[in-house]
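Q: I have a structure open and would like to go through it slowly with you. Could we take it one question at a time?

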Amino acid sequence: MSLVPLKNAVAQLLEGRKPVLVNAPDSFIPVVLADLARAAAQKTDAPAALVFIARDGQRLGLIENGLNFIAPDIEVLSFPSWDCQPYDRVSPTSAITARRMTVLARLARTRSSQERPRIVLTTV
């Protein structure tokens, strides 16, 4: 992945459009997300969060660990998937429900992303 598509994605993000990046190497994704989140936080006064949708929970954990390592200045909010099947007789665990509610409450209370850029990680 060259820097030109990344610059184009930042420009699209700042224009209010929703860029989609594909075919980025897995190890490069945290770097791209960090750059996009910092660029978005500098240019907007409204509460904003960059959303990354991982294909599964394992990938979500890897991206979260990568972001925490290379970008400690960015707030990473991990919105986990339910740990039960839809229409199952078993309810989700209270830990998963609490984590999901914490992320939603944090997003609702946020006034500005300039204090600290944010990335919300979730799965399909």
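Q: Which residues of the largest nonpolar core touch the most other members?
A: Of the 21 residues in that core, the ones that touch the most other members are Leu-33, Leu-36, Phe-52, Ile-63, Leu-67, Ile-119 and Leu-121. A nonpolar core here is a set of buried Ala, Val, Leu, Ile, Met, Phe, Trp, Tyr and Cys residues joined through side-chain atoms within 4.5 Å, and buried means under 20% relative accessible area, exposed over 50%, and partly exposed in between, with a 1.4 Å probe and protein chains only.

Q: And which elements each supply at least two residues of this core?
A: Helix 1 (3-14), helix 2 (29-43), strand 1, helix 3 (57-70) and strand 3 (118-123) each do, and helix 2 gives the largest share, 7 residues. Helices (H or I, at least four residues) and strands (E, at least two) are DSSP runs, numbered from the N terminus.

Q: Before we go on, what kind of model is this?
A: This is a predicted model, in which local features need pLDDT of at least 70 and side-chain atom pairs count only at pLDDT 80 or more, while totals for chains, interfaces and linings use all residues. Residues are numbered from 1 along each chain as its sequence is written, and side-chain values use heavy atoms, with hydrogens and water left out.

Q: New topic: where is Ser-78, and is it buried or exposed?
A: Ser-78 lies in strand 2 (residues 75-79), and Ser-78 counts as buried because its relative accessible area is 7%.

Q: What is Ser-78 in contact with, leaving aside neighbours within four places in sequence?
A: Its partners are Leu-60, Glu-64, Arg-99, Val-103 and Leu-121. Leu-60 is 18 residues from Ser-78 in sequence, and their C-alpha atoms are 8.0 Å apart.

Q: Is Val-51 buried or exposed, then?
A: Val-51, which sits in strand 1 (residues 50-54), is exposed, with a relative accessible area of 52%.

Q: Zooming out, how many helices and strands does the protein have?
A: There are 4 helices and 3 strands, and from the N terminus on they run α-α-β-α-β-α-β. Of the 124 residues of the protein, 35% count as buried.

Definitions and conventions: Contact means heavy atoms within 4.5 Å.
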